[in-house]
Structures are given as C-alpha cells and as structure tokens.
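Please walk through this protein chain step by step, from single residues to the overall layout. What can be read from its atoms?

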Amino acid sequence: MKTLLLMRHGKSSWKDESLEDFDRPLKKRGRHDVPRMAEMMREECLIPDYVLASPAVRCRETVELLAENLDLDDDMIEYVEEFYQAEMDDYLDTLIDVVDSFMKVMIVGHNPTLEALLQTLTGEIEPLPTSAVACVKLGISSWEELEGDSEEVGQLVDVWRPKEM
C-alpha cells in the first residue's frame, strides 16, 4: 500500500503586480501556515519519503519551509516543470515513474488540478485551500499501477486545513 500526500502551496502574495503568476512568492500567512502544517504532518507520521513539486516560486517556498521543518534532504525533492499549470495526467504520469521504495510521496502543487486528482483517486470532493494537506491511502503496491484507470484506487484518510486547526 502506498500513501499519497497532496498539498496546495501556501497563500501567495499579489502585492507586486509586476510579477508574473509563476514568480509570486508566499505572503506572511503562507509563511505562517506551512510550518504549522509540517508540525501536523510530523504528529500524524506523514513525513514524505519523496516530494514532487511545481517549480513556481510559491511552491518552491512552500517546499523549502516543509524541508526545514521536517528535516527533508534536497535529494528527496524534485521540481517538475509540468506541474505548473498541470493537467491531472501530468501528476499521474510523473507518479508512475516514482521508485517503488518510496512509500509516502507528496505532491505540492496548484488548484484546481489537485482537487481533481483527489476526486479521481478517491471519489471524494474536498476543497483544498492554500496550505491544505490531504492524505490518500492507495490500494497499490507499485506506483506504476496508477497507469491507465486510476479512478477510485484510493481512500481519503483525512484533509487538514490551516483555518480548521
């Protein structure tokens, strides 16, 4: 059985209107919420073996805060160009290539695609506001099993949202 953690990046800033969407950083609330979510992940034993993330600045900053608070090494993190403005298949195509020794994999990305992926894998419709983390237990022994029909192969364990904590 594999575990997939889905995290939407922390709250980003729109303060500098000259920045392209890709370059928007986290705002103060995002820098506050992400370490709180990392603490929850530690308490729930949800520390990922491997992290796949969008290269957008707000996602990179989210991952950096996670890494700092969860003691993740740089070699446990991969930035995937396709995850910025991703389609759901971009996430699935990347997951099927993950080494099977990784039992808990985390995706840090963007909506609406993360919510669509969660719904496809579990059949559950759950909002993922910024910094939210969803945990999905997948009934697979190899990441390659996500190739093809991956509808409802998982069970939603829980969703943690910063405003509910």
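In which loop is the place of Glu-152? Glu-152 sits in the loop that runs between β5 and β6. Keep in mind from the start that this is a predicted model. With a relative accessible area of 58%, Glu-152 is exposed, because residues over 50% are put in that class. The backbone of Glu-152 has a positive phi of about 50 degrees, although Glu-152 is not a glycine. Most residues other than glycine have a negative phi.

Asp-71 is another case to look at. Its phi is positive, about 60 degrees, and Asp-71 is not a glycine. The place of Asp-71 is the loop between α2, residues 57-70, and β3. Asp-71 has a relative accessible area of 60%, so it counts as exposed.

A further backbone feature involves a proline. Most peptide bonds are trans. The bond from Asn-111 to Pro-112, however, is cis, with omega near 5 degrees. Pro-112 belongs to the loop between β4, residues 104-109, and α4.

Now step back to the whole chain. The chain has four helices and six strands. Read from the N terminus, the elements follow the order β-α-β-α-β-α-β-α-β-β. The radius of gyration is 15 Å, close to the 15 Å that the globule rule gives for 165 residues, so the chain is as compact as a globular protein of that length. Taken along the principal axes, the C-alpha atoms fill a box of roughly 45 × 30 × 30 Å. Of the 165 residues in the chain, 50% are buried.

Met-37 is an example of a buried residue, because its relative accessibility is 0%. Met-37 is part of helix α1, which covers residues 28-43. Met-165 is found in the segment after β6, and with a relative accessible area of 45% it counts as partly exposed. Between the C-alpha atoms of Met-165 and Asp-23 there are 29 Å, with 142 residues separating the pair along the chain.

Next come the charged side chains. How many salt bridges does the structure hold? There are seven salt bridges in the structure. One of them joins Glu-126 and Arg-161, at 2.5 Å from N to O. This pair links distant parts of the chain: Glu-126 is in the loop between α4 (113-122) and β5 (133-138), while Arg-161 is in the segment after β6 (154-160), 35 residues apart. Glu-126 is partly exposed, because its relative accessibility is 24%. Arg-161 is buried, because its relative accessible area is 11%.

Arg-161 also meets Glu-164 in a salt bridge, at 3.4 Å from N to O. Glu-164 has a relative accessible area of 55%, so it counts as exposed. Elsewhere, salt bridges that share partners join Asp-21, Arg-24 and Arg-58 into one network. Within it, Arg-24 forms a salt bridge with Asp-21, and the closest N and O atoms are 2.8 Å apart. Arg-24 is buried, because its relative accessibility is 5%. Asp-21 is partly exposed, because its relative accessible area is 29%.

Last, turn to the surface. Which residues gather in a patch of negative charge there? The patch is made up of Glu-87, Asp-89, Asp-93, Asp-97, Asp-100, Glu-144, Glu-145 and Glu-147. Glu-87 lies in the loop between β3, residues 77-79, and α3, residues 88-95.

Notes: Residues numbered from 1 in each chain as written. Predicted model: local features only at pLDDT ≥ 70, side-chain atom pairs only at ≥ 80, totals over all residues. Heavy atoms only, no water. Patch = residues over 30% accessible without salt bridge, like charges linked within 9 Å, V, L, I, M, F, W, Y side chains within 5 Å. Areas by Shrake-Rupley, 256 points an atom, 1.4 Å probe, with all protein chains shown as cover. Salt bridge = Lys/Arg side-chain N within 4 Å of Asp/Glu carboxyl O. Lys, Arg positive; Asp, Glu negative; His and termini not counted. Charge placed at Lys NZ, Arg CZ, Asp CG, Glu CD. Helix = DSSP H or I, 4+ residues; strand = E, 2+ residues; numbered from the N terminus. Rg over C-alpha atoms; globule rule 2.2 N^0.38 Å. Buried < 20%, exposed > 50% of the residue type's maximum accessible area, 1.4 Å probe, protein only.
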